[in-house]
Amino acid sequence: MIVIVGKFDAAISGLAEEDHSPHILFSCPYWKVRLQILRTRRETRFNIASVSDLNFPGRIVAVRSGTDAHEYAQQNLKQTFLVVVDTQEELWDRVLQATAHAVITDDILAQAFYHRSIGCASCVLLSQKFGN
């Protein structure tokens, strides 16, 4: 918004091109956001090694409302019990407390949380990236 009203000439931010293209001139993207899975290590009944392992009855996956992960899960994980939360903190709580088998979120958020959270000793960050 600050670029549109003329306070600044440029901005670096996470922004979907299709949402603002009439108002903003986009250069080459500096980051392509992909989706990534962070799963709990506490669940041993299910082998979750990729996104395809989530699409089964009995799997609980959490996503944040209105995100690419939410859209992806609605379209591709038809057999999964989907838990939709409002905040990123709620999403992390789901995996830390093992109230979801996995969460799906933007790769940069998943990696940052995984590497900075002491509680993530009980988490596994899957290397597969997907979506977008």
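Visitor: What share of the 132 residues of the chain counts as buried?
Guide: The model is a predicted one. Of the 132 residues in its chain, the share that counts as buried is 35%.

Visitor: In what order do the helices and strands of the chain run from the N terminus on?
Guide: The chain holds four helices and five strands. From the N terminus on, their order is α-β-β-α-β-α-β-α-β.

Visitor: Is His 101 buried or exposed?
Guide: His 101 sits in the loop between α3 (88-96) and β4 (102-106). Leaving out residues up to four places away in sequence, His 101 touches several residues, among them Arg 39, Glu 43, Phe 46 and Ile 60. Buried means under 20% relative accessible area. The relative accessibility of His 101 is 6%, so His 101 counts as buried.

Visitor: How are the rings of Trp 92 and Phe 113 arranged?
Guide: One aromatic pair is found in a search of the whole structure. Its rings, those of Trp 92 and Phe 113, have centres 4.2 Å apart and planes at 5°. Planes under 30 degrees apart count as stacked. The pair of Trp 92 and Phe 113 is therefore stacked.

Visitor: Which helices hold Trp 92 and Phe 113?
Guide: Both Trp 92 and Phe 113 are buried. Their pair ties together parts 21 residues apart in sequence, because Trp 92 lies in helix α3 and Phe 113 in helix α4 (residues 107-116).

Terms used: Residues numbered from 1 in each chain as written. Predicted model: local features only at pLDDT ≥ 70, side-chain atom pairs only at ≥ 80, totals over all residues. Heavy atoms only, no water. Helix = DSSP H or I, 4+ residues; strand = E, 2+ residues; numbered from the N terminus. Buried < 20%, exposed > 50% of the residue type's maximum accessible area, 1.4 Å probe, protein only. Contact = heavy atoms within 4.5 Å. Phe/Tyr/Trp six-rings, centres within 6.5 Å; stacked < 30°, edge-to-face > 60°.
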